[in-house]
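Here's a quick briefing to keep open beside the viewer.

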Amino acid sequence: MHVTFCCTDTKAEPWLAGLRAALPGATVSAWTPGAPPADYAVVWAPPQRFLDEQPRLRALFNIGAGVDALLRLRLPPGLRVVRLDDAGMAVQMAEYVCHAVIRHFRALDAYDAAQREARWAFRKPQRRADFTVGLLGMGVLGTRVAQALQVFEFPVIGYSRSPKAAPGVTSFHGEAGLAPFLARSRVLVNLLPLTPQTHGILNRHTLGRLPSGAYVINVARGAHLVEEDLLALLDSGHLSGATLDVFATEPLPADHPFWHHPRITVTPHTAARTLREESIAQIAGKIQALERGEPIRGVVDPARGY
């Protein structure tokens, strides 16, 4: 069994060492152009040439939750694309979203500004019951975020393409469910996969359906957001602010208006990072299951995009 590794902007050696330890007896190598064909591949943003030179692959393991970049390539017919189920990312996403929600709910940005001015400024507390958090996307990450928010007793609602149930979460689904979901979301958290159907879904029309003064958190993909529409709704006062971790162009250009907008918080695509040890253990376990002829979780449906 031969496993090859092809990950852009990722140091190969720690991954190779981990995969060799987890898969004793397997040949594990970093891909270079012209390398011999492998049975399995561990990848992140591989070039088209890699796929063209690897016709024998049985499965392609993506070291992130999003597979949109892979699905834009020409994949060999029948190749299984497998995403990480969690591998430590869900709890990171939950803590990031909770931090952003609580920072807004408790007006901590305003207290930071008051400190810089040496101003003792009390603010009236908001009613938690009026602060419904809407999760746009209820997959593995969305479900974990919902659990975390409920610890702080925020009302949580969720939206998904097809019906999904999560304890304590009021669920909406399908085309008919989007408008009522948005109308109830005082905070909107985007956790959707990026597909042709969700590209640009955070736009003037959808964000305009949020209650006046709503807050937006985008931790999915930058291409979900129409940036000009967000800026217009912030400047008009319809939206009170946004926390953005992902962007159409990354790194975010130094002259981009998001950097200095007073109601936007920017972080550098760090809400949920891939944890190497957890990811290697999951990938190795799935390779071993495939070798035994067993089904595995996380196989992507190319028609759906996730």
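**Salt bridges and the ground rules**

The count of salt bridges comes to 14, where a salt bridge is a side-chain nitrogen of Lys or Arg within 4 Å of a carboxyl oxygen of Asp or Glu. Keep in mind that this is a predicted model: local features need pLDDT of at least 70, side-chain atom pairs count only at pLDDT 80 or more, and totals for chains, interfaces and linings use all residues. Residues are numbered from 1 along each chain as its sequence is written, and side-chain values use heavy atoms, with hydrogens and water left out.

**Charge pairs up close**

- Side chains of opposite charge can pair when their charged atoms come close.
- Arg49 pairs with Glu53 in a salt bridge, with 2.6 Å between the closest N and O atoms.
- Arg49 is partly exposed at 46% relative accessibility, and Glu53 is partly exposed at 21%; the scale here is buried under 20% relative accessible area, exposed over 50%, and partly exposed in between (1.4 Å probe, protein chains only).
- Asp109 and Arg103 make another salt bridge, with their closest N and O atoms 2.6 Å apart.
- Asp109 is partly exposed at 37%, and Arg103 is partly exposed at 24%.
- Arg119 meets Glu117 in a salt bridge at 2.9 Å, N to O.
- Of these two partners, Arg119 is partly exposed at 43%, whereas Glu117 is exposed at 52%.
- Salt bridges also link Asp68, Arg72 and Arg221 into a network.

**Domains**

- The protein chain splits into domain 1 (2–87 + 274–292) and domain 2 (89–266), with bounds that come from an automatic or database domain assignment.
- The centres of domain 1 and domain 2, taken over C-alpha atoms, are 32 Å apart.
- At the meeting point, 11 residues of domain 1 are in contact with six residues of domain 2, contact being heavy atoms within 4.5 Å.
- An unreviewed UniProt entry lists residues 100–271 as "domain: D-isomer specific 2-hydroxyacid dehydrogenase NAD-binding"; UniProt positions are given in the numbering used here, feature names are shortened, and annotations may be inferred rather than shown by experiment.
- Over residues 100–271 the chain is 31% helix and 18% strand, and the end C-alpha atoms sit 10 Å apart. Helices (H or I, at least four residues) and strands (E, at least two) are DSSP runs, numbered from the N terminus.

**Nonpolar cores**

- Which residues touch the most other members of the largest nonpolar core? They are Phe61, Val101, Leu135, Leu149, Val189 and Val219, out of 54 residues.
- Helix H4 (residues 89–105) gives the most to this core, with 10 residues.
- This core draws at least three residues from each of domain 1 and domain 2.
- A second, separate core has 27 residues, including Leu136, Leu178, Phe181 and Phe247.
- For the record, a nonpolar core is a set of buried Ala, Val, Leu, Ile, Met, Phe, Trp, Tyr and Cys residues joined through side-chain atoms within 4.5 Å.
- Leaving aside neighbours within four places in sequence, Val219 has contacts that include Met93, Tyr96, Val97, Val189 and Ala271.

- In helix H7 (residues 174–184), the buried residues are Gly174, Gly177, Leu178, Phe181 and Leu182.
- Seen down the axis of H7, those buried residues fall within an arc of 130°, so they line one face of the helix; the arc is that of the directions from the helix axis to the C-beta atoms.
- The cover over the buried residues of H7 includes strands S6 (133–136), S7 (156–160), S8 (170–173) and S9 (187–190), along with helix H8 (204–208).
- Helix H9 (residues 227–236) has Glu227, Asp229, Leu230, Leu231, Leu233 and Leu234 as its buried residues.
- H8, strand S11 (239–244) and strand S12 (264–266) are among the elements covering the buried residues of H9.

- Ser171 is in strand S8 and is partly exposed at 35% relative accessibility.
- Not counting residues up to four places away in sequence, Ser171 touches Gly158, Lys164, Ala165 and Ala166.
- Glu95 is in helix H4 and is exposed, at 53% relative accessible area.
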